[in-house]
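Work through the exercises below with the sequence and the model side by side. Try each task before reading its solution.

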Amino acid sequence: MLKLAIQQGIARPYRLVTTMAAVVIVMSGFLVLAGTSESRRLAIDQFVSANSRGAYDLLVRPAGSRSRSEVESGLVRPGYLIGHDGGITLAQWKAVSSIAGVDAAAPAGVLGYIGVNLEVPIALSSIIDRTREQQVVRVRPSTLADAGLTRVDDSEPRFAYVTTRPVAVPRHIVTDDGREGFTTPDNRLLSQEDLLDLGCAHVQVPYVYLEKTDAGDWVPICGTQFLAPQPGVDRGSPQLNMSTFSVFQALPDGRYKDFTGVNELPDPVTGAPTAPAVVTDPQLVMTTPLWLPIGVIDPAAEADLVDLPASVRRGRYLAGGVGESTADSELIVQALVAERLPLDEQLLVETALVDAGDPVKRPPRELLSELTSARSIRKVTSSHDLADVYHSQVSPGSEVRLDRGLKIGPASVSTAPDGHQQGIPVSADPPAAWSTAVSDHGERATGRRALQPLLSGDVVFRSVVGPAFLDPQDVRRPARVRTVGTFEPNSIRQFSEFAAVPLELYDAGLPALADGRQVHLGPNSNPTSYLALPPSALISVENAVRLTGRDDVVGALRVRVSDVDGVDGRSRERVTQVAEQIAAIPGLEVDVTLGSSPEVRSVNLPSGQFGRPPVLLDEMWPRKGAALTVVRATDEKTVTLFGLVTVMCFGLLAGNMVANLRGRRRELAVLSVLGWRRRRVVGLLVVEATILAFLGGLVTLALGGVLVAITALHVPLVASLAALAIVTVMTALIALVPALRAARRYPSLAPDVRAVSVRRTRGRPTPAGLAWTNALSSPGRTLTAATAVALTVIAGSALLAIRNDYAGTITGSLLGNEVQARVSGADAALMAMLLATSLMTVANVIYVGLRERAMEINTLRAVGWTESSIRQLAGVEGAIIGGAGALLGAVGAVIAVGWPLGGVSGATIGTVVVLAAVAVALTSACGAVAAAATPALSAATMCDEG
């Protein structure tokens with residue numbers, strides 16, 4: 001029997017090839033599935049393990065800090081420190097630090113904002129006309145922010161007066177008879193009353209320069225800083241505006257003497273006179289207010305958490321403890337200051353030489369009106385990035401006063417009907433909000449508006465809620481922040497982007513969509529906007545307590561647990577135990593951030609007041625437990641796919657067996673006539689199928705290297721041998737059923753003639769009509785091939801549904817998106833394998849059918865049918881089979897996919913329709929190819945095969 005089975009395979013090479021091809025594809029499917037499962041498990045485990053841990057494992061905040069969105073979504077909202085008013089006491093911090101297993105408990109907080117003035121020098125050399133005796137340069141600043149989408153033009157330009165005449169400043173005196181005034185260089189007295197009437201001076205401080213006329217007289221230049229007294233305003237209290245007025249004397253040697261801010265009044269603290277005018281290149285120094293957040297850290301804990309000392313660029317690292325005090329009890333707070341800030345703001349400056357009259361002895365209001373509207377003779381425009389300006393002015397040893405501190409509240413969001421977050425604007429009174437303590441004490445060149453950001457008139461998302469620090473006892477000697485070193489935020493220890501958790505002290509900047517354009521928005525100088533700057537200065541917890549007089553200055557604790565390697569069971573258990581102990585401390589709540597991964601949450605912001613359209617910000621909210629979700633979903637998907645591929649492969653293999661046995665009816669009839677018993681016939685068919693399966697398996701193993709190279713999968717030898725054994729045994733079992741049916745028939749040697757009902761046709765039969773007749777006359781063969789197509793449609797739809805369900809489970813977070821991208825290649829390989837198996841089965845069924853009808857095909861050739869017509873006949877028959885199978889498969893797919901999910905989505909129906917259409921097209925092509933592969937048979941062959 002074994003010899004006969006081998007001889008049969010050699011004598012019928014097409015059966016050998018088709019059966020072995022089916023076995024090769026099925027076994028390849030097993031190898032791909034085994035390799036996919038193993039490779040996916042190893043790759044995902046390694047990837048998740050390497051990318052499941054961020055800077056900290058637990059986020060500890062005061063009780064009630066979680067927003068409603070966080071509670072409902074399982075996410076952690078970024079920006080939780082800005083505007084959050086502390087809440088964790090030093091005792092709670094120490095209690096968390098003392099828990100066994102806590103490797104680091106790093107406190108973080110934001111005390112508030114301090115106001116500074118960035119100085120932006122504007123060069124005037126290129127615009128000054130050296131041939132003019134007197135000239136005025138007008139400087140108009142504009143602010144660009146939000147990636148250039150917001151533009152605010154300052155309504156109050158600055159001016160520089162350049163003259164070739166001698167310039168001096170008056171000296172304040174009190175005469176022997178008690179009169180108060182200012183003397184000119186020729187000792188002429190200008191009374192205080194005269195200057196006040198002209199509007200040139202404050203009741204105490206002169207804002208006036210003197211110029212010598214051609215006649216030798218010294219006359220006042222009032223400038224534009226102060227307007228004349230208004231009705232209802234006390235004499236001596238003129239209204240301040242920002243239109244500063246600098247004065248330069250052009251010297252004969254081409255240099256300039258700068259009188260900006262120079263006066264002869266003694267310093268109110270030291271009593272020494274101010275510095276005289278300096279000789280320098282002409283430039284107008286513009287000041288732009290910037291409010292900088294003050295962050296709170298513990299230097300030692302921060303070093304353990306993110307290795308902050310490694311990011312220090314200049315000076316030294318921050319020391320712990322309280323600040324130092326000077327001899328007169330002035331508090332100096334040490335700070336580590338950011339080397340750079342992610343400021344999304346530029347100062348656009350238009351510098352113009354204007355056609356204006358003589359500003360000498362002109363009232364400020366009249367002069368301001370004329371200079372503002374004067375025609376430009378020539379002008380230039382320059383752009384200044386405030387991030388660069390800040391970087392150029394920060395250095396170790398620099399100081400900032402702390403009497404300009406404000407507390408800014410948090411930004412609020414709500415959930416819109418489309419699921420996006422919606423930024424909620426708040427009402428504000430900018431002039432009242434930006435009045436600081438120092439503004440009420442007459443500091444030169446400041447005032448109630450001096451530190452109000454120009455962008456504060458835009459839509460406000462955060463409120464100014466009050467002072468950030470204790471009220472200063474003496475504004476002449478306020479506490480100061482002294483820079484001991486600078487650090488580079490971008491050099492903070494980097495953790496995997498897939499496991500990133502908010503590092504509130506160093507993060508800022510978001511991608512956004514505005515008017516269909518992708519832009520990158522960052523914070524600007526206005527702290528009441530939605531995006532906030534990260535803290536630019538970091539001080540110790542002890543200093544924060546001293547400055548605020550409060551013990552609960554910490555807004556959050558970032559806890560790192562020791563001996564944690566990933567998201568394996570042991571590591572999760574350690575983190576859970578520590579979290580439970582922290583949660584037991586009154587007043588604290590804990591979020592487990594181990595295994596979290598950022599997920600995009602869109603926030604809608606309404607249009608701004610200065611040109612910015614509505615924007616859709618993409619904030620990164622870490623999803624808790626994302627890594628564990630990926631691992632579990634991957635395991636479930638692997639099991640489901642294994643079952644699906646197993647059923648599909650063996651179903652198609654069974655169809656192939658049935659098709660081949662149908663073509664051997666005459667051969668089996670001969671054996672029955674020769675006296676072969678049914679059991680022996682069945683044994684022959686099963687042994688033959690087993691041999692072919694085994695040989696096909698050997699071929700697959702021989703081609704295993706090519707398979708591994710193509711799919712980049714690792715298939716263990718044990719899995720390969722197991723696949724060979726399984727496919728061989730399953731093929732034998734599959735062959736048993738059709739063999740029993742075939743042996744039971746004992747067909748006669750007579751030709752297999754069936755009576756079919758046909759209509760009388762007119763004229764010559766067409767390929768389409770004959771294809772329908774053939775399909776209907778052989779329902780068994782047609783049903784076998786159609787079943788193969790139906791299985792492909794069902795399996796393809798199920799595979800896509802599994803893939804979409806898997807993607808819907810894990811995607812969203814960066815970690816899940818990356819894992820999905822990594823496994824999509826293996827999914828495509830499985831789908832290709834299923835499609836190849838189905839097409840091979842259909843092609844084999846059609847090919848066998850054509851060989852069964854060899855006499856018919858040759859008769860058609862004999863009566864004049866061309867090879868093209870025969871291919872068309874087979875193609876239409878393939879399309880009929882494909883259509884029937886697609887219809888069965890579509891119904892089966894809807895049931896198979898919709899029943900477990902409780903319904904069928906529109907996307908699923910669309911997928912089924914597309915797969916069905918593709919199946920019809922491919923089966924038609926398979927029929928044409930099979931016809932082309934069927935040779936014209938000789939008479940002897942026809943007698944043998946017929």
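Predicted model: local features only at pLDDT ≥ 70, side-chain atom pairs only at ≥ 80, totals over all residues.

**Exercise 1. Confidence**

Solution. Step 4: for the chain, the average pLDDT is 77, and 72% of the residues score at least 70.

**Exercise 2. The chain in numbers**

Task: state how many helices and strands the chain has, what share of its residues is buried, and what share of the accessible surface belongs to carbon and sulfur atoms.

Solution. Step 1: the chain has 23 helices and 33 strands. Step 2: of its 946 residues, 52% are buried. Step 3: the accessible surface is about 40,600 Å², and carbon and sulfur atoms hold 57% of it. Step 4: among contacts with a separation of 6 or more, 81% are between residues 24 or more positions apart.

**Exercise 3. Strand 12 and its partners**

Task: decide whether the two faces of strand 12 are covered or open, then describe its pairing with strand 5 and with strand 13.

Solution. Step 1: strand 12 spans residues 245–250, and six of its six residues are buried. Step 2: Phe245, Val247 and Gln249 lie on one side, with Ser246, Phe248 and Ala250 on the other; both faces are covered. Step 3: strand 5 (residues 158–163) runs parallel to strand 12, with five bridges between them. Thr163 stands opposite Gln249. Step 4: strand 13 (residues 256–258) pairs with strand 12 in the antiparallel sense over three bridges. Ala250 has Tyr256 in strand 13 as its bridge partner. Step 5: strands 12 and 13 form a hairpin with five residues between them, and Gly254 in the turn has a positive phi of about 95 degrees.

Follow-up: is Gln249 buried or exposed? Its relative accessible area is 12%, and buried means under 20%, so Gln249 is buried. Leaving out residues up to four places away in sequence, the residues that Gln249 touches include Thr163, Arg165, Tyr256 and Phe259.

**Exercise 4. Helix 6**

Task: list the buried residues of helix 6 and name elements that cover them.

Solution. Step 1: helix 6 (residues 299–306) has six buried residues out of eight. Step 2: these are Pro299, Ala301, Glu302, Ala303, Leu305 and Val306. Step 3: their cover includes strand 2 (102–123), strand 15 (283–297), strand 29 and strand 30 (556–561). Step 4: Asp307 follows helix 6 and has a positive phi, near 55 degrees.

**Exercise 5. Rings**

Task: describe how the rings of Phe461 and Tyr530 are arranged.

Solution. Step 1: a pair of aromatic rings is described by the distance of the centres and the angle of the planes. Step 2: the structure has four aromatic pairs. In the pair of Phe461 and Tyr530, the centres are 5.8 Å apart and the planes stand at 85 degrees, an edge-to-face arrangement. Step 3: Phe461 is in the loop between helix 9 (430–433) and strand 25 (464–467), and Tyr530 in the loop between strand 28 (517–521) and strand 29 (537–540), so the pair ties together parts 69 residues apart in sequence. Step 4: Phe461 is buried, with a relative accessible area of 3%, and Tyr530 is buried at 4%.

Follow-up: which ring does the charged end of Arg601 sit over? The ring is that of Trp621, with 5.3 Å to its centre. Lys94 lies over the face of Trp93, 4.0 Å from the ring centre.

Definitions and conventions:
Residues numbered from 1 in each chain as written. Heavy atoms only, no water. Helix = DSSP H or I, 4+ residues; strand = E, 2+ residues; numbered from the N terminus. Buried < 20%, exposed > 50% of the residue type's maximum accessible area, 1.4 Å probe, protein only. Contact = heavy atoms within 4.5 Å. Areas by Shrake-Rupley, 256 points an atom, 1.4 Å probe, with all protein chains shown as cover. Pairing = 2+ DSSP bridges. pLDDT = per-residue confidence, 0-100. Phe/Tyr/Trp six-rings, centres within 6.5 Å; stacked < 30°, edge-to-face > 60°. Lys NZ or Arg CZ within 6 Å of the ring centre and 35° of its normal.
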